[in-house]
Amino acid sequence: MPLLDEDRLFPVEGRARDLARALYDNVRDLPIISPHGHTDPRWYAEDEAFPDPAQLFVTPDHYVFRMLCSQGVELTDLGVPRVDGGPVETDGRRIWRLFASHYHLFRGTPSRMWLDHSFQHVFGIDRRLTAETADWYYDHIADCLARPEFRPRALFKRFGIEAIVTTEAATDDLRWHRMIRESDWDGRVITAYRPDGVIDPEMDGFAANVALMGQQTGFDTATWQGYLDAHRARRAYFKEFGATSSDHGHPSARTEDLPQAEAAALFQKALRGECSAEEADAFRGHMLTEMARMSLEDGLVMQIHPGSRRNHSGQVMAMFGRDKGFDIPGRTDYVTALRPLLNAVGMRSDLTVILFTLDETSYSRELAPLAGVYPCLRLGPAWWFYDSAEGMRRFREMTTETAGFYNTVGFNDDTRAFCSIPARHDVARRVDCAYLATLVATGRLAEDEAHELARDLTYELAKRAYRL
Amino acid sequence: MPLLDEDRLFPVEGRARDLARALYDNVRDLPIISPHGHTDPRWYAEDEAFPDPAQLFVTPDHYVFRMLCSQGVELTDLGVPRVDGGPVETDGRRIWRLFASHYHLFRGTPSRMWLDHSFQHVFGIDRRLTAETADWYYDHIADCLARPEFRPRALFKRFGIEAIVTTEAATDDLRWHRMIRESDWDGRVITAYRPDGVIDPEMDGFAANVALMGQQTGFDTATWQGYLDAHRARRAYFKEFGATSSDHGHPSARTEDLPQAEAAALFQKALRGECSAEEADAFRGHMLTEMARMSLEDGLVMQIHPGSRRNHSGQVMAMFGRDKGFDIPGRTDYVTALRPLLNAVGMRSDLTVILFTLDETSYSRELAPLAGVYPCLRLGPAWWFYDSAEGMRRFREMTTETAGFYNTVGFNDDTRAFCSIPARHDVARRVDCAYLATLVATGRLAEDEAHELARDLTYELAKRAYRL
Amino acid sequence: MPLLDEDRLFPVEGRARDLARALYDNVRDLPIISPHGHTDPRWYAEDEAFPDPAQLFVTPDHYVFRMLCSQGVELTDLGVPRVDGGPVETDGRRIWRLFASHYHLFRGTPSRMWLDHSFQHVFGIDRRLTAETADWYYDHIADCLARPEFRPRALFKRFGIEAIVTTEAATDDLRWHRMIRESDWDGRVITAYRPDGVIDPEMDGFAANVALMGQQTGFDTATWQGYLDAHRARRAYFKEFGATSSDHGHPSARTEDLPQAEAAALFQKALRGECSAEEADAFRGHMLTEMARMSLEDGLVMQIHPGSRRNHSGQVMAMFGRDKGFDIPGRTDYVTALRPLLNAVGMRSDLTVILFTLDETSYSRELAPLAGVYPCLRLGPAWWFYDSAEGMRRFREMTTETAGFYNTVGFNDDTRAFCSIPARHDVARRVDCAYLATLVATGRLAEDEAHELARDLTYELAKRAYRL
């Protein structure tokens, strides 16, 4: 018996379901455009086999290990590396068994659907993962991973990826991207400019990162002008490796448009590590406006991913470091926060700023009204914690009526979990088709328009918004 | 082929759909009560033909031009007048073509449904608006507008409007209302008292407006007592022209109940233009409580429309002025904000205060709990950005269980777009009938009660709440 | 004709409805676990007849009288006692008639469904309550109440209650619990430790309560150590009467983990009544962390019920006192607020902290992400104002995808209205089965898993989370 229902996520009522299926049939096999995510470019560069099932599905995926952690499973028992290099479980099979015996925890979650999709479609599995089937699963997946058709490049082709974007720090040397480029492989893997480490005075190593950017570019990044020029140079360098976008992960959506002298003074304080929390915040906010101005020069699309309260648990941060599932959303204001940037450049239709949120109360109250009037703004898809069937449905229900479909940008998978890419895009396509079918079935959209929109939401809008 | 589906907005499942249709059939032709809106009384007074299709549908409707603006269309190309009187497009046909070629942007939005409803029901059109049909549309609508049966008074009757309320500034001379009254036309067009311009110290011309109110009433509005008396006199004057309500559009729902000496002192500062932002806010808040007290004297129903961050774009404000689609909602607190007013007069059941919101997170958390206990409070319908099928559905789902139906007040169209009035009321009737049908189909309401409620929500509650 | 639809609250589409009914049929008759609520232990101790229909259904139930109040009915006319002992209506039949003539106000509310369920299932009534049937209803219910099978203990058994938890102040003598224990009745009625009165410096009688706790325990509660020891002793005393949980009703979810000397100093200020609002808040916050530490010692499960702005109307508070329906929710932050407690003890999987909310915007943004990673956290069910069909549906839709089902704890009725207990559990079972059926019908869950989950959500999770 297949793990997946062929009609999953479609409306339950017959006519709407038929409409959804017809819409989906026309887009299910469209190529995947993945304009934002966190897969490792090294995979595509080296094309090595993935090490083992636990390393593929459990240990690196915070969606998975955070749920196990929430029910008392120790991160060390899942092989999550410790900051101090202390002992953690290294036996993939033991980790896998622990995962399998807790698989019921994922009932009703998107992780369950992504995992089952990977098991069925990538590994051809037709039985459910349980404590009893754990070993069979482990052996089966491990056997597959040893075969050439399960190497990253082969899967990339099999997944139908037309283009995938990774995200690198501004100071990254892009060596894996260079290696891909210099190889004979024709997969389109491009980078995106993520300058948080040279923009956020509160990041560890800020001053060193800025100094490194100076060495990389030949500009004197001890000066404000040199620092801005170094950004320009690094953006140009990223563009050589295909970058069409920058990405900004800030604690809030605050922007500022300070007088240049004031910004320069803040920058000096930041270099000296003397910024107060408020000054650091102001500096980050001002730099978003500088980045927007540079986007008007070089055409990079700007993404803002605000609102994560990162590393919520001091204990976990101390023991395991960043990105361990303890990043928690918080209330995020956009209306006041974005005003300085929007007053500076918001009416420019040759600028594209894509907004994301971890606070879904902002969809209908703030984001849709803003994107529904400012020419530069577009809404990114339902993000983190909302990258799920219900989350995506609410995104459409709460944004479409005010901002329409054409101020949105299609789907991002935003994932580190390679095998989940087709699964996530499939969920998005199904949810969008279900939404469109419901509009048709309730007389809010004509059927021909729904077909056109299904293709737009799946493929065209992402290519257009990200200039791919 | 008709533009509209006969069963639009009804539930998709058969039995629930049948129930919704039966409910709707009983209320579809009830007269329209429009107790709050912004149509121009001059239309009804002069009964002139509307100038052209673009002037009817595009140029004055911020729902329409903000969407076009969001996709890079220039407001000047849509004929939106400039503050400096500089050149803008004046050729209605060119504006119309621009609009038509972007009509796909409105897919899935209420504007699309309102426009199609107007095209079909007001102008008898049965083909979709596209770049190709733009000229045909323009000619057809222009022809219609030249005919007497498309004059405002004729449409008023054809739309089945029993009563419509416009909104005038406290210092308005109500000349158009006088002209209507003195004419032989029997349409019921009444005014509402909107004193923001004489209450908000931060409004341009506040002191001049207050002085004008003094001239109009003979009271010395340089004094606090004279100012309050002038309000009383103007309210009485508005009542002569049928007013049954006042309306208050404040940045927040803040109320205050200050000692009279303190309020008087703030008023003096306000007249001198010396109020800090906080003092201006406190003064506005205090005046809401004064208005509520006057309502207890003269019986005017009080409407509070808080939470719009107006004129978000400085550039648009400078070039085009107010009300250009750049009013963005923000988070709005009611629980703390309304307490001073409610502690002063909230337990009075002879007072009616109707609350609106642009922050739908307040529906279930604040507004329904407040309206579900305070005798003076009622909930206005889903407002601006939520005046849509999904927005109205969420309003019912998030308020009914706590506040019931009888603490709501039926529908307001709140529109400046005359032809959209029947379209908007039709959407509201359909959404309410769909909601009631769902309650019946899921055993939460008896069918006879649903029929009674459908009539209440369509007609009775608005008349009762607004004392019409 | 029965008052209730057999298929109420199930999905409207046929296949999903059939699935829901099948799931429900397997759990409808499971025993009731009521792990949190406010029924009066005296009822079970004395087993006296309830006085009259109005005293059973109207006068003590703030869900009922707040709705009547919102439409202008005076609380005195409903027999709600006055603080000053002044006259109120005492004739049960007159109160009942007033209630009956306003019964239409409850259309679409959970109160209506709970009341109709009680009328049909407890009192065997098959006609609707109206002004016309009011007297018949009154006589019929009064007749029933006079019969032994309508005494509290008989109803307890008939309702199928396996265990019910009441809530008592830390200084309560638990006399009724003792009387139950010493009786020959085998109903399982246990207490819960609610120390707000000895933790909140802003509560009336705080210092006296603390002193009383000293007398009760023999510890010197004038000292910080003695105060903490007295808590330990009272918790142990409550455990003798079966307590497995503590309960904390704070204005916010703020926690603190202050140095002991600082906490001790705040405690001294609190005893002297000298705490500022901020200091009182900090003290309450710190005590939550102390309570969590004690839970690690004695195993009591900790419940946090934050966010009610109590006694919103000064007039009602002065005339009628607390708990009169004027407790209004407000925005509640959890992410920042809980961090001190979570940093202290949040990674302990032998601790259980159950979080509730009156601000449903926190479900998906804060509570599910927190409970989806911290081992100690669990989510309480949809609470107050959300203890309704739509409220419970939104709870599942907004928490399951991030936190799963197993970080939730089943249902709480949290009621003071005895007859509503089976009604409320029935609604919860139906809504959960409808949700599970929808997951199955949309391919998100296998049918066998849905059956297991239906039982978990109805019975197992509550027993496990509350250690019952």
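Which residue of chain A meets the side chain of Glu390(B) in a salt bridge? The partner is Arg444(A), with N and O 2.9 Å apart. A salt bridge here is a side-chain nitrogen of Lys or Arg within 4 Å of a carboxyl oxygen of Asp or Glu.

## About the model

This is a predicted model, in which local features need pLDDT of at least 70 and side-chain atom pairs count only at pLDDT 80 or more, while totals for chains, interfaces and linings use all residues. Residues are numbered from 1 along each chain as its sequence is written, chains are lettered from A and ligands numbered from 1 in the order in which they are written, and side-chain values use heavy atoms, with hydrogens and water left out.

## Where chain B meets chain A

Let's stay with the interface that holds the opening pair. Chain B brings 47 residues to the contact and chain A brings 44 residues, where contact means heavy atoms within 4.5 Å. The size of an interface is often given as the accessible area lost when the parts come together. Between chain B and chain A about 3800 Å² is buried, and carbon and sulfur atoms give 52% of that; buried area is the accessible area (1.4 Å probe) that two parts lose on being put together, summed over both. Arg107(B), His312(B) and Arg331(B) supply 20% of the area that chain B buries against chain A, more than any other three residues.

The rule finds eight salt bridges across the interface of chain B and chain A. There are also 31 residue pairs in polar contact between these chains, both residues being at pLDDT 80 or more. A polar contact is a pair of N or O atoms within 3.5 Å; within protein, one must be able to donate a hydrogen and the other to accept it, and residues adjacent in sequence count only if both atoms are side-chain atoms. On the side of chain B that touches chain A, at least two residues each come from α4 (62-70), α6 (110-122), α15 (314-320), β9 (328-329) and α18 (389-403) of chain B. Helices (H or I, at least four residues) and strands (E, at least two) are DSSP runs, numbered from the N terminus. The element that gives the most to this side is α18(B), with five residues.

## Where chain C meets chain B

Now for the contact of chain C with chain B. Here 47 residues come from chain C and 44 residues from chain B. The two chains bury about 3800 Å² between them, 52% of it on carbon and sulfur atoms. In chain C, the residues that lose the most area to chain B are Arg107(C), His312(C) and Arg331(C), together 20% of what that side buries.

Chain C and chain B share eight salt bridges. One of them joins Arg128(C) to Glu449(B), with the closest N and O atoms 3.9 Å apart. Polar contacts between chain C and chain B come to 30 residue pairs, both residues at pLDDT 80 or more. On the side of chain C that touches chain B, α18(C) gives the most, with five residues. By class, that side has 16 nonpolar, 16 polar and 15 charged residues; Ala, Val, Leu, Ile, Met, Phe, Trp, Tyr, Cys and Pro count as nonpolar, Asp, Glu, Lys and Arg as charged, and the others, Gly among them, as polar.

## Helix α6 of chain C

Helix α6(C) covers residues 110-122, and its 13 residues should span 18 Å at 1.5 Å a residue; the end C-alpha atoms are 17 Å apart, which agrees. The expected span is 1.5 Å times one less than the number of residues.

Of the 13 residues of α6(C), 12 are buried, so the helix is largely enclosed by the rest of the structure. Buried means under 20% relative accessible area, exposed over 50%, and partly exposed in between (1.4 Å probe, protein chains only). Among the buried residues are Trp114(C), Asp116(C), His117(C) and Phe119(C). Just after α6(C), Gly124(C) takes a positive phi of about 65 degrees.

Leu174(C) sits in the loop between β3 (168-169) and α9 (175-182) of chain C. Although not a glycine, Leu174(C) has a positive phi of about 60 degrees, and at 1% relative accessibility it counts as buried. Asp414(C), in the loop between α18 and α19 (420-441) of chain C, has a positive phi near 50 degrees and is buried, with a relative accessible area of 18%.

In chain A, Thr133(A) lies in the loop between α6 (110-122) and α7 (134-145). Thr133(A) is buried at a relative accessible area of 16%. A polar atom of the Thr133(A) side chain is 2.8 Å from the backbone nitrogen of Thr130(A). Leaving aside neighbours within four places in sequence, Thr133(A) is in contact with Arg127(A) and Arg128(A).
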